[in-house]
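Please look over the sequence and the model before reading on. The paragraphs below go through them part by part.

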Amino acid sequence: MSVKYICRHCQTPIGEISQGEVSEFRLGFHFLTPDERRDIISYNLNGDVIVKVVCDYCKEALDANPELSLLTSPLQ
Ligand SMILES: [Zn+2]
């Protein structure tokens, strides 16, 4: 199992943790509410965990233009 982080807006791969001993506890997922988990975490067919975050580029764009956060893909 590996954990892959991608930007929720531009789909850019941000990072990947491929070590075998990755627990949800270590990743901090236990801090999330069930709704947040559904929104942020998904699983692909390989059993990998996909975590949707916001990359630095999109974060800057959203900080500069907060109204863009209302859109799913502001940069497309
Ligand atoms: Zn992005």
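What follows takes the strands, then the metal site, then the salt bridges.

This is a predicted model, in which local features need pLDDT of at least 70 and side-chain atom pairs count only at pLDDT 80 or more, while totals for chains, interfaces and linings use all residues. Residues are numbered from 1 along each chain as its sequence is written, and side-chain values use heavy atoms, with hydrogens and water left out.

Begin with the strands. Helices (H or I, at least four residues) and strands (E, at least two) are DSSP runs, numbered from the N terminus, and two strands pair if DSSP finds at least two bridges between them. Strand β1 (residues 3-7) runs antiparallel to strand β2 (residues 13-17), and four bridges join them. Across this pairing, Lys4 stands opposite Glu16 in β2. The two strands β1 and β2 make a hairpin with five residues between them, and Gln11 in the turn has a positive phi of about 65°. β1 also pairs with strand β4 (residues 49-53), here in the parallel sense and over five bridges. Val3 has Val49 in β4 as its bridge partner.

Next comes the metal site. Donors are N, O and S atoms within 2.8 Å of the metal (3.2 Å for Na, K and Ca); water is not among the atoms, so sites may look incomplete. The zinc ion has the SG atoms of Cys7, Cys10, Cys55 and Cys58 as its protein donors, at 2.2 to 2.3 Å. Along the chain these donors have the spacing C-x2-C-x44-C-x2-C. The site is tetrahedral, with angles of 106 to 114° among the four donor atoms; four donors count as tetrahedral if all angles lie between 85 and 135 degrees. Residues count as buried under 20% relative accessible area, exposed over 50% and partly exposed in between (1.4 Å probe, protein chains only). Cys7 is buried at 0%, whereas Cys10 is partly exposed at 29%.

Last are the salt bridges. A salt bridge is a side-chain nitrogen of Lys or Arg within 4 Å of a carboxyl oxygen of Asp or Glu. The structure holds four of them. In one, the side chains of Asp39 and Arg8 meet at 3.4 Å, N to O. This pair links distant parts of the chain, 31 residues apart: Asp39 is in helix α2 (residues 34-40) and Arg8 is in the loop between β1 and β2. Another joins Asp35 to Arg38, with the closest N and O atoms 2.5 Å apart. Both Asp35 and Arg38 lie in helix α2, three residues apart, about one turn of the helix.

Definitions and conventions. Tetrahedral: all angles 85-135°; square planar, octahedral: opposite > 155°, others 65-115°.
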